[in-house]
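Thanks for coming. I will take one structure today and talk through its packing.

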Amino acid sequence: MKEDKFEKKTVHVGDRASLTKKFTEDDIRIFTELTLDDNGMHTDEELSAAGLFRRPVVHGVLVGSLISSVMGKYLPGNGTVLREENIRFINPVYPGEEITAAVELTGIREERRYYIGTLHGTCHNQDGVLVAEAECSQLMLKRFFTADCEKGNEND
């Protein structure tokens, strides 16, 4: 049965969710085409070999977008809008690496028509190495959400 897209979802401080994606050279190519960011550190074997990481790396913004994907898809979920994101890129991600993005709802502030959720996001590679970390806020309309500031459950 299809989930009712207008059914209210209750979120709790402490809720968690995650997703995993393996980045490919095709992902870099498509991202480059979409954004026009053809910096050789991402696309050119020879140029990147002379750089800091010695081979092409996945665009940091593409890696960080997994955090936004978790927020938009799972926590808080459908019907939210990214309000703010402050992200740090800590280690490079190379094509072929599998990245797990995890998000925890760390706070909820109530406004008249919506809630503002604060979230902490991380991205780790398949070896458990932290590659990115973010502090974010997400706008949640009261039409779609109820919020409980008490500690909740994991939503992985």
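Val63 touches Phe23, Val58, Val93, Ile99, Cys123 and Val131, leaving aside residues up to four places away in sequence; contact means heavy atoms within 4.5 Å. This is a predicted model, where local features need pLDDT of at least 70 and side-chain atom pairs count only at pLDDT 80 or more, while totals for chains, interfaces and linings use all residues. Residues are numbered from 1 along each chain as its sequence is written, and side-chain values use heavy atoms, with hydrogens and water left out.

Now the core. A nonpolar core is a set of buried Ala, Val, Leu, Ile, Met, Phe, Trp, Tyr and Cys residues joined through side-chain atoms within 4.5 Å. Buried means under 20% relative accessible area, with a 1.4 Å probe and protein chains only. The largest such core has 31 residues, and Phe23, Val63, Ile67, Ile99 and Cys123 touch the most other members. Which element gives the most to this core? That is α4, with six residues.

Helices are DSSP runs of H or I, at least four residues, and strands are runs of E, at least two, numbered from the N terminus. Helix α4 covers residues 60-73. Its buried residues are Leu62, Val63, Gly64, Leu66, Ile67, Val70 and Met71. Among the elements they pack against are α1 (25-35) and β4 (98-110).

Last, charges over rings: NZ of Lys or CZ of Arg within 6 Å of the ring centre and within 35 degrees of the ring normal. Arg55 lies over the face of Tyr94, 3.6 Å from the ring centre. The charged end of Lys21 sits over the ring of Phe23, at 5.5 Å from its centre.

How values were computed
Expected span 1.5 Å × (residues − 1). Buried < 20%, exposed > 50% of the residue type's maximum accessible area, 1.4 Å probe, protein only.
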